[in-house]
Amino acid sequence: MLYVELIKHLHTQGPFRMRIYERENFGGQMHDSDCADLHTYFGRCNSIRVESGVWVIYERPNYKGFQYILSPGEYADNQQWMAFNDNVKSCRTVKNIYGNAWKLRLYERPDFGGQMVECSDDCSSVYDTYKLREVYSCAVTDGVWIFYDLPNYRGRQYLLERGEYRQHVDWGASSPGVGSFRRITEF
């Protein structure tokens, strides 16, 4: 029992480690902690080494703009995390992913209106599985999820933690298209 509590503590409190490098193949200046504005350290990001934890990096300061969710591994250039460019301006750990329950509700209209579907597993195609062309709002009741704007876990990524998202802009999307989604299950 003590071991389980220790794992929970480490998972919700850290230690999580990621190193962001200015140049490809882990060269140039480096930064290694949560940061709302990486611009003070360097102007571009071309490689990342995630040693532990799950991280989300953003293309703009203050956790805004395109998001990329990274699990432990080495990313020698920005194409390996499917970046659109070398702009990484903020980063943070994804916390509270410990557990074995995942549940979210998708709605076809803003403010939880229209058809609703409840999900507890990964979905490679929202349209094929649920016949939803658009997802305007959602509620995450358990777990942490990644939305993708294209089927088969491709395209722009959006991190959704526990909470209510009344409109698609609340999770950072510019349009209500959700092509696929998956649970974050590793740490």
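1. Ala, Val, Leu, Ile, Met, Phe, Trp, Tyr, Cys and Pro count here as nonpolar, Asp, Glu, Lys and Arg as charged, and the others, Gly among them, as polar. On that scheme, the lining of the largest pocket has ten nonpolar, four polar and three charged residues.

2. This is a predicted model: local features need pLDDT of at least 70, side-chain atom pairs count only at pLDDT 80 or more, and totals for chains, interfaces and linings use all residues. Residues are numbered from 1 along each chain as its sequence is written.

3. A pocket is an open set of points on a 1 Å grid over the protein atoms alone, where a 1.4 Å probe fits, with protein on both sides within 12 Å along at least five of seven lines; lining residues have an atom within 4 Å of a point. Volume is the space filled by probe spheres set on the points, with grid points joined across faces, edges and corners.

4. The largest pocket has a volume of about 290 Å³. Its lining counts 17 residues; Ile-69, Ser-71, Ile-146, Tyr-148 and Arg-182 lie nearest the centre. Domain 1 (10-93) and domain 2 (103-184) each give at least three lining residues. Domain bounds come from an automatic or database domain assignment.

5. The second largest pocket has a volume of about 170 Å³. Among its lining residues are Tyr-58, Arg-92, Asp-170 and Trp-171. The lining divides into four nonpolar, three polar and four charged residues. Both domain 1 (10-93) and domain 2 (103-184) contribute to this lining, so the second largest pocket lies between them.

Technical notes. Heavy atoms only, no water.
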